[in-house]
Structure formats: C-alpha cells, structure tokens
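My notes follow in the order I looked things up.

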There are 2 protein chains.
Amino acid sequence: MNRPADNPRRPTLRQVATAAGVSPMTVSYAYSQPGRVSAEAAAKVRAAARELGYPGPHPAARSLRRGRTGTLGVVLGERLSYAFDDPQAARFLAGVSDVCAAEGVGLTLIPITGAPSDAQRVAQAAVDGFVVWTTSDDDPVLDAVADTGLSAVVHAGPHRRELPVIGIDDRAAAAAVGRVAFAEARHPLVLGFPLDRSRARRLLTGDQEPAVRFPVTRHRWEGFRDAWTHAGRRAADLRLAVCPVNHVAEGETFAAELLRGTDPPDAIAAMSDELALGALRAAASAGLRVPDDVAVTGWDDADAAAAAGLTTLAQSLREQGAHCARAALGGPTMASTHHEWHVVVRASTRRQP
Amino acid sequence: MNRPADNPRRPTLRQVATAAGVSPMTVSYAYSQPGRVSAEAAAKVRAAARELGYPGPHPAARSLRRGRTGTLGVVLGERLSYAFDDPQAARFLAGVSDVCAAEGVGLTLIPITGAPSDAQRVAQAAVDGFVVWTTSDDDPVLDAVADTGLSAVVHAGPHRRELPVIGIDDRAAAAAVGRVAFAEARHPLVLGFPLDRSRARRLLTGDQEPAVRFPVTRHRWEGFRDAWTHAGRRAADLRLAVCPVNHVAEGETFAAELLRGTDPPDAIAAMSDELALGALRAAASAGLRVPDDVAVTGWDDADAAAAAGLTTLAQSLREQGAHCARAALGGPTMASTHHEWHVVVRASTRRQP
DNA sequence: GCCGCGTTGTGTATCGATACACAGATAGAG
DNA sequence: CTCTATCTGTGTATCGATACACAACGCGGC
C-alpha cells in the first residue's frame, strides 16, 4: 500500500472543499486568513468541516509548504527530570513560555540524555529556532543545532561557532558577590553546581584545576576565586563543594557536613539561592550566627532570598528566557548579549568596611 | 515568488543525491535504514551531505510522507510557569519524559492560557498523540484534542467523549486518608488546590456546594467529606482552605492563619505533601504538637514526606506519567485505568483505635 | 459606456521526502 | 549450468496544504 499510516484516514482540505462546493483555496483561506473569504463561504466551509470531522489543516503539510512550523525548540542539556527539578530552569523556561504564548507558537523540549541519538533528535525536530539551556562545552548537540541552519541562541554559553550567547557576565558577577561574601573571611567556601554531566559530589580547593565542563559553573567558580586571590589570599584556602543537584536539601547536607568538620567555613558563597538557603539552615542547626560566625550569599534573588534576608546576586532569568525566545524566533541577525546584574546586600553578610 | 521562506535556502535530499552520484532513494535509505545501503554508498552520501551542509531529512516533509511526527504533545491545562512551579506536575512530566527518551520521540508542551487560541494551538500541533494534564471540566481544549483523531489520554479526568482517563480513584483514596486524618478530630480542615482557573484563595465549609471545575480537587474534596460525614459528623464542621498554588509557603500561611483563629483545626488533610509540610511548619511555629494537638496528612509520598514523618497517600505520579505517555504513543486501543494507591501511616496522625 | 478599484473565488505548480515495485547483480544449491 | 534467494540501487507517484497569478463581479465616478 502506498500510503502512510493515519488512523483512521483523516479527512483532507480537498474533501472539505468538495463537500462545501468550493475550491480548496477557499477552504485554505477560511482557516488561515478568515478575512479573505465571504461570510457565506466561511459558513459553508465550517459546516462541511464539522460534517466530515475535519480538524483543520494538517500541521506537517502546512509546515512543509509554508516553511515554518510555529514551534520553538528548547534544548535542555539535561534529562527532563532535572530540568523540572531545578528552580533556575523553571524561571528561565517561564520566560521562554511567556514569549511563546504571546507569539502563539508552540514549545518543544529536547532533553539531552548523553546518547548519540541526541543529535538526531535535534536534526529531526520540527521547529523554527532553538534555545539551548545549560549544556557542557563538549556537547556535540551544539553542532547539530548549528547544522540545521535555523536561528539559535545559547543561554550562558558555551560559545560555539556562529551561535550567539545570551546571559550575564558570570565571572564578573561572581567576583562582585565574592568580594562581599568573603570580606573578613579566613575559610571561605563556594557551594556550587556540578562540574560535568556525571554530577559527582566533590570537594576541591582553589589551587586545583579541575576540568569544569559546564560554563556557568566554571565562570562563577573563576569569579569567586578572582575575588579571593585578588584580595591577596591563598587559592588553596578557598574550597568548592560540588552539589549534584540544585536543591535546598543538598546545600544543607553538604554545608552541615563541612560546618561540623575541621576548619569550618566562615563564609559561604552559593551558586543559587536554593543552595544558600540550605547553608542558612545548616548554620541554624549548628547553632551558628549569620553573618557573625558564617556569612552566606546566594544567587538569583528569588522570592525566598528576600524573605530570608539573603545577600544575593540579582538577575532575571525570566527576562533572559524571554530574550532568548525572541531572539530565536526573530531571525538570523543576532549578537551575543550581556544582561544586567547587581549585588543585593542584605543581612546574611558582614557589613562592609 | 512561489516558494516558502527558508533562510538561507536549505539543501535538499535530491541535491545530495546528485552530488553523491546516487538516486534520492539511496540517500533516503542512508538516513532512515542504514542497513539498506552498502558501506560504499553510505560513505558517498555522508561525504556529499557534509560538503553541502545537509542537516538530514526535512522534518516537515518526512512527517507528511510518513504520517508520523515522532513527537508527543502534552497539554498542560495551565500557564507554563505554574506547571514548572508545581512539584506534582514535575513528577508526572518526568515519567512522561522517561518514556519519550526511551522511544526516541520528542515532547511538545502545549500550555493552556484560557484564550480561544488554545484550541487552535492544539489543532496545529505536529504530534502523534496527546497527554492532557490537569484541565478543568469545561475546557474546550478537550474537544480540540478529541477532534484531531489522534490517540490521547487524560490524566485524572475530566471524562470527555471517547478519551480514556488514567489516574487513581481520587475520591476513594481521599476517603481512606480522611479516615486516618480525622480520627478523633472535632475541627477538621482540608488544605486544597484551586477550584477553578481563577485560583482564588477561599475558605469553605462542607455544607456548601461550590462549583469545582478541577476534577482532582473535586474528587479529593468529596472523598474527604465522605470520610467525615460517614463517621456521622456534620458536614458544616469540615472546612476547605483553597490555596492558589501548590507550595509549602502557601500551605504554611493559610494553615498558620487558621491555627491562630477561632476553632483552630485539630486535623489537617492536605491535597499534597507540599501543602502538608507547610501545615507542619505552621503548627511548629504555633507551638502545637503533632499529632496530639493537630494531626496532618499529605498526598503523594514525596521524599520529603518520609523525612518529615508525614502520613500520606502513596501513589506514583511518575509511573502514571509513563503510563500516559505509553498509551498516547501506543495506538488507538486504550481504556480508562485506575492506578494503585495506599495510605502510608507515619507519626503525623493519631494512633488508630 | 468605460475605466479603475476593491472584493471574492479558483487552478495549478510546488514544498521535500518516502513507500512501493521492480531491476540487475551476486552467490549458493542442486 | 540453471534456478532461487539475497542484496543493493532506482523511478515515480504521493502525502496535504498553500503562494501566486489570474478571473469574475459589483460599484461609483465622469
């Protein structure tokens, strides 16, 4: 049989045209440009469509002919369950979805599993553009995205070929936060994101040079290290605790462990408000005063950060998501852009001199 | 000009065939059935494709001819930002995405905004099937889904036309939890989800008959009321506190308010573990003992429920998500199914007689 | 009566890939 | 040496909708 499986046979625009006694183009216009047809013709078309159970133009046929799909692809760089677990991803995707809803376009999620089929899934995605979120430097999916020739934006890096990057200057921002967080500290700690897709839990010191595959993690770590070493301190005294997932509980567990250990941290700079809130809880459980015994900073200025009096880095992931979506839907002319950020000083850090 | 906008002109399979000196079908097979062509021919095709920058078969053309898109549509019944905010949605979608990843199909999210264009977005979605999550009884989008003729599943209701529903028997489950939660209680409270898309914060009593548009909310409320009235108590003594969003903080605020009021609740049955954890915090802040002063139950048996010693209803939204995805991708033969559930009794409720 | 203009309807080529049927080549069995 | 079976390559009709160009019609102005 020389026809694809469609179950059961779906009525076509041509059948509707025949049933309504009009030409196919009249039916087509009735759906895509209602003003183009008379009220009378439109009524005939609607009646015939209802009669036959015609659900509207076939999306694939329409896309083929029009050259657009009306869908934005978001490459997640992660298994989908992580993306939904991560509040930062949620804020970003909310921004993307705001724009999609406003423009009337759909949203296709393309989760990266690490398998070679990932590139194929990108190549076969029926979308008009891509937004790439949180992937690692060596991810071959970036090449697949570039190969499609569709407009695409990468959020917060990595840089690759001609793909523009939208985000903040993470290194400079981390350095600014670090200066506040580490003031008068002797045993500073960074509570950070995974270094690579393995998401291993690790503890490093600032004189080590780990292979950090996630650009966001790398830039922020470099920034925090800048703040510490530029103040004339020894890199080896700065530690990095890598939390496998961005959760309050994860930050609390790791922070609690270190606060009980030898040389407990007296300043904790976290890469997210969630991890920072975990650190605050760990400090409270340990009976430590914030900021006198231990200073804490977060990242993002989420609602909970203000409520907790947390010093943090304010940026709007939602706005960045919206910006990425507009850029990816907008067309081929784009350039890398840095968004604004600023440090919000609250009660969780020591007064500056 | 009689050609759709593609920017810049994308190379076609036919061009690759010409460049490689083979027929179009050989190129097509090289991509879709690699075993069908000789190693030699495959090499020629790969070389020509790289040369021309051919990213693989055009998704729309392939979909049109094959009659499948390799994508599953998830209708969210909510603005996307709510979906990402709701931990229950996250667990469900993780299950959906597990199956999609395993089957190599993409995932298109179709958020419902309440606008009339929602139905159009459903009709124009290039997908092979639909999973509908958390929509209200009167949602016209359900008709749009049914009209497409694609296989579709609704999670937890509402029932509509021939669409199968997958979920648990919420009413029976709520009744079972309610019996445990309300034992020896005199002023029981249900901490619940929104009644309709307006998400208004409200406080009702069991003798009122509010219009509850979300089936999950309705069924659980009915079940809790069953538990109370079947024990011979007055419906008017049971209250329902409607929380606009499913967050710990939301449950904490509302519970704290009522615990400070007249006739403070001595038993709180929540529709989610998140709201229940909020109630536990409110009780702790008010200096109340759990379960002696106030019993608390949750719903879902999330990780945090076990950690908090919370009596709860155990179900697996992740499994249900996976089941829905398999059903929606599987084909036309499906039936409504009830999943298993059971009550997990922990320390947050009074010992049963 | 004729011209110009806006509105509404139609015929057809085309978007790009693939299912199918068939042809030629090669190999192995008898 | 012939006959069947397997492997590999090809030509073409088709999936369903739409861009475009053109035709028919009504209407007002001069």
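Which residue stands opposite A:Thr108 in β2(B)? I looked it up in the model, which is predicted. B:Thr108 stands opposite A:Thr108. I then checked the strands around this pair. Strand β2 of chain A, residues 106–110, pairs with β2(B) in the antiparallel sense. The pairing runs over 3 bridges.

Next I turned to the contact between the chains. Chain A puts in 46 residues, and chain B puts in 46 residues. α4(B) gives the most, with 7 residues. I sorted this side of chain B by class and got 21 nonpolar, 18 polar and 7 charged residues.

Then I went through the backbone. Most peptide bonds are trans, and most residues other than glycine have a negative phi. I noted the exceptions below.

A cis peptide bond joins A:Val290 and A:Pro291, with omega about 5°. A:Pro291 sits in the loop between α12 (273–285) and β10 (295–297) of chain A. In chain B, a cis peptide bond joins B:Val290 and B:Pro291, with omega about 10°. B:Pro291 lies in the loop between α12 and β10 of chain B.

A:Glu184 has a positive phi of about 65°. I found A:Glu184 in the loop between α9 (170–181) and β6 (188–192) of chain A. Phi of A:Asp301 is also positive, near 55°. A:Asp301 is in the loop between β10 and α13 (303–307) of chain A.

Is A:Asp301 buried or exposed? A:Asp301 is buried, because 21 other C-beta atoms lie within 10 Å. A:Glu184 has 13 within 10 Å, so A:Glu184 counts as partly exposed.

Definitions and conventions
Residues numbered from 1 in each chain as written. Chains lettered and ligands numbered in written order. Predicted model: local features only at pLDDT ≥ 70, side-chain atom pairs only at ≥ 80, totals over all residues. Contact = placed C-beta atoms within 7 Å. Helix = DSSP H or I, 4+ residues; strand = E, 2+ residues; numbered from the N terminus. Nonpolar A, V, L, I, M, F, W, Y, C, P; charged D, E, K, R; others polar. Pairing = 2+ DSSP bridges. Buried ≥ 20, exposed ≤ 12 C-beta atoms within 10 Å, placed from the backbone.
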